Amino acid sequence: MGFSKEKIKQIGGLLIFAAVLVLIVMHSSLVYRGIVLCFDIFRPFIIGGIIAFILNLPMRSIENKILGKWNGKAAKALKRPVSLIAAIVFVVLILYLVVGTVVPQISQTFYDLGAKIPGFIEDTAEKLIQMSEDYPELTEQMIALQNIQINWDAITDSVFGFLKSGVGNVLTSTVNVAGNIIGGVFNGIISFIFALYILVQKEKLADQGSRIITAYLSPKAGGCVLKVLSMLHKNFGSFISGQCLEAVILGTMFVIAMSIFRMPYAFMVGVLIGFTALIPIVGAFIGCVVGAFLILIENPVMAFWFVIMFLIIQQLEGNLIYPKVVGNSVGLPSIWVLMAVSLGGSLFGVAGMLFFIPLLATIYTLLRENVNARNAGKQAEVMAEEEMSGEAPDEETIKEEIDVLKR
């Protein structure tokens, strides 16, 4: 039996794909190093794209809703720059609110802790003296330890040797740190400029990308790629919006609960937990550790009850509020949100948690559409056969079956 040219072409494509896949597996270490090298080269542009995507969310809302009535020629020319500046100011204000609320309080806490250390040392010394009086055997043990012969020359040589090698290491580390800081600042400037360029000309860049895809792919493949990219863009935007809404809800819950129980630092801890909650599921625990430490300095008993309260609220938020809020924003059922966070976190850490939810939402939507289309096709074949045999169902039954397939 002969094969058509189309079938031979498909088989050839599959063979090439299999050969490339085998080569990738055989030389996986080289492929990994190549990917890391490419990421390092294009890191400023990747970070710039991420910055542009995040800034685009408030910028789009400001441009379409707040400045939507700017329809004049001069107004339209100013709409994009004003929206971009307003979005940057908005993000900077949010960061300033978090940093300005949390950092001074932590600094003051460490200052208070340093002031309490002398009193703590005096209390400890008094307790040790009292213990030596109450337990004479401890004094005997201390005297025995003092009689132990110590080779101070060897210890001194070791210390000097460590210092000699340590000075060189410190200088090398200082140079490396300074180089990393300068490189980080330079890459940050490039990333920010690249993000501004993307935001100013996002429509033009989107049109250029669409034309490239349609030029090099078939109409069917190009349409599928554009559809997937559009869906990914929508899901990532919805995910970030839902994540921010969930963080606000969680921070507000802590502010209210801590205020009700008259715990110290209620507003500061609520802001910190809300900000760290931008990391899915586990981010709020960072705020819990800092908040518990601050409250511990003020009132150890209250710190214990704060941890209990945090665990209760975190369970409610992680199992009920978060899957509902974020899942509804990306159109993903709650159980799949939890699976995406767990899978992404185990594979790629925090970045995987942030990336896998919208990615899995896109895969879920595409799979649902494909399943519904296949079931609808099979149902249409069954209905055609039944109609030919004279056993066609009534109109109401057909509507019910269509509704079931659309779920």
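Visitor: Why is Arg 43 called partly exposed?

Guide: Arg 43 has a relative accessible area of 35%. Buried means under 20%, exposed means over 50%, and partly exposed is in between, with a 1.4 Å probe and protein chains only as cover. So 35% puts Arg 43 in the partly exposed class.

Visitor: What kind of model do these values come from?

Guide: The model is predicted: local features need pLDDT of at least 70, side-chain atom pairs count only at pLDDT 80 or more, and totals for chains, interfaces and linings use all residues. Residues are numbered from 1 along each chain as its sequence is written, and side-chain values use heavy atoms, with hydrogens and water left out.

Visitor: What makes Arg 43 and Asp 40 a salt bridge?

Guide: Their side chains meet at 2.7 Å, N to O. The rule asks for a side-chain nitrogen of Lys or Arg within 4 Å of a carboxyl oxygen of Asp or Glu. The pair therefore qualifies. Asp 40 is partly exposed too, at 39%.

Visitor: How far apart are Arg 43 and Asp 40 along helix H2?

Guide: They are 3 residues apart in H2 (residues 28–66), which is about one helical turn. Helices here are DSSP runs of H or I with at least four residues, strands are E runs of at least two, and both are numbered from the N terminus. An α-helix has 3.6 residues a turn, so residues three or four places apart point the same way.

Visitor: What does the salt bridge between Glu 203 and Arg 80 tie together?

Guide: The two side chains meet at 2.7 Å, N to O. Glu 203 lies in helix H6 and Arg 80 in helix H3 (residues 73–134), so the pair ties together parts 123 residues apart in sequence. Arg 80 is buried at 13%, whereas Glu 203 is partly exposed at 44%. Glu 63 joins these two in a network of salt bridges. The count comes to 5 salt bridges.

Visitor: How do you know that H6 is roughly antiparallel to H7?

Guide: The axes of H6 (residues 202–216) and H7 (residues 219–260) come within 8 Å and cross at roughly 150°. That makes H6 roughly antiparallel to H7. Angles under 35 degrees are roughly parallel, over 145 roughly antiparallel, 65 to 115 roughly perpendicular, the rest oblique. Ser 210, Ile 213 and Thr 214 in H6 meet Gly 222, Val 225, Leu 226 and Leu 229 in H7. Contact here means heavy atoms within 4.5 Å.

Visitor: What makes helix H8 mostly covered?

Guide: In H8 (residues 266–276), 9 of the 11 residues are buried. Among them are Met 268, Val 271, Leu 272 and Ile 273. Across the protein, buried residues make up 23% of the 407 residues.

Visitor: Where does Val 301 stand, buried or exposed?

Guide: Val 301 is exposed, at 54%. Val 301 lies in helix H10 and belongs to a nonpolar surface patch that also includes Phe 304, Trp 305 and Ile 308. The patch has about 870 Å² of accessible area together. H10 (residues 300–330) gives the most to the patch, with 8 residues.

Visitor: How many helices and strands are there?

Guide: The protein has 12 helices and 0 strands.

Technical notes. Patches are made of residues with over 30% relative accessible area and no salt bridge: like charges are joined within 9 Å, nonpolar side chains (Val, Leu, Ile, Met, Phe, Trp, Tyr) within 5 Å. Accessible areas come from the Shrake-Rupley method with a 1.4 Å probe; for residues, only the protein chains shown count as cover. Axes are lines fitted to C-alpha atoms, for helices over the stretch in contact, and angles run from 0 to 180 degrees between N-to-C directions.
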